[in-house]
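Subject: The structure I promised you

Hi,

Here is the structure we talked about. Have a look at it first, and then read on for what turned up.

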Amino acid sequence: INAEYMGYQYIQRVTMESKTVQESTPEEKLNKEIESAKGKGRKRTILLIVLFALCLSGLVIVFYSFPTLTSEEKDKLFRWPGSVHDLQISYSVVARYIDTSYFTVMFAFCYTYVFLQAFAIPGPIFLSLISGALFGGYLGFVIVCLCATTGACMCYGMSAILGKFLILKTFPGLVIKLNSKIQTHRENLFYYMLFLRITPLVPNWFINVSSPILEVPLQTFFLATLLGLMPANIIHVKTGMVLREMQSLGFNWKNFLFLFCLAFVALIPTCLLYTSDAADERSSVDL
């Protein structure tokens, strides 16, 4: 009898624990993950560093196989572009080799773009500008869209597999804030992710690293990234097509209004959903 009673208690305890887990909200679940992330993930962080070192080595090999550059050209090419003049200097070096080594230049461009995007390193926007000057409008736009989406998906994967604990320990407040917004728009998640991609409200790199942690499906992330980055890519590539004649980069009201209007359109389905839900609640109260 005592054994049966103890077995009955065990079943009750397991049932209560399972109910507690099922009834926990996404916010509570995230808070528990943040707490559990402390002191964890060291091995994954080391693996992430090793992976970064390997990819960086690949980047060095790519540029090592580049056509022979003079010391002056290397200084011009491997400088951080801080102005339009720096971009024009980098373009002038690459443009000399694009006729004789077209596919080598294209592969080096794509590898660099994906590498920077995958590891959330600033710089893809400068490559987007140069793409218009190097490859023209249509091809430059296609290359930038594919590279940006591929790099973002790679960042998504690395964050899900190796970087989860690192992100939770480093940016707990930002993750919690974005999680509250995503849970609010969970029923219309694709359009909200599209809105985030179009607008600069949340940095793209943080969307990439936090989306797998916040359980954004990969297919939703992929489509929202591909479509949401297209407007900005069009602006960058179009701007890069006149790179040689440009004098400065600055704020452009036309581009801002263009992106704002697209972001508003992306939010229309969410607004309609909320309006429909509010109407249903009012009708149920009246009944």
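Which residues in the largest nonpolar core touch the most other members? Keep in mind while you look that this is a predicted model. The core has 29 residues, and the ones that touch the most other members are Phe109, Tyr113, Phe115, Phe119, Leu134, Phe135 and Ile143. Helix 3, helix 5 (84-95), helix 6, helix 7 and helix 8 (137-170) each put in at least two residues. Helix 6 is the top contributor to this core, with eight. There's also a second, separate core of 25 residues, with Cys153, Phe195, Leu214 and Val216 among them. As background, nonpolar side chains in soluble globular proteins tend to be buried together.

Now for the whole chain. You'll find 14 helices and zero strands. Of the 287 residues, 39% are buried. If you take contacts between residues at least 6 apart in sequence, 80% of them join residues at least 24 apart. The chain exposes about 17,200 Å², and 67% of that comes from carbon and sulfur atoms.

Next, the aromatic rings. The structure has 14 aromatic pairs. Take Phe52 and Phe119: their ring centres are 5.1 Å apart and their planes sit at 80°, and since an angle over 60 degrees counts as edge-to-face, that is what this pair is. Phe52 is in helix 3 (residues 42-64), while Phe119 is in the loop between helix 6 (102-118) and helix 7 (124-135), so the pair ties together parts that are 67 residues apart in sequence. Elsewhere on the aromatic side, Tyr102, Phe103, Phe109, Tyr113 and Phe135 form one cluster.

Are the two partners of that pair buried or exposed? Phe119 has 17% relative accessibility, so it counts as buried, because the cut-off is under 20%. Phe52 comes out at 29%, so it counts as partly exposed.

Cheers

Definitions and conventions
Residues numbered from 1 in each chain as written. Predicted model: local features only at pLDDT ≥ 70, side-chain atom pairs only at ≥ 80, totals over all residues. Heavy atoms only, no water. Phe/Tyr/Trp six-rings, centres within 6.5 Å; stacked < 30°, edge-to-face > 60°. Helix = DSSP H or I, 4+ residues; strand = E, 2+ residues; numbered from the N terminus. Buried < 20%, exposed > 50% of the residue type's maximum accessible area, 1.4 Å probe, protein only. Core = buried A, V, L, I, M, F, W, Y, C linked by side-chain atoms within 4.5 Å. Contact = heavy atoms within 4.5 Å. Areas by Shrake-Rupley, 256 points an atom, 1.4 Å probe, with all protein chains shown as cover.
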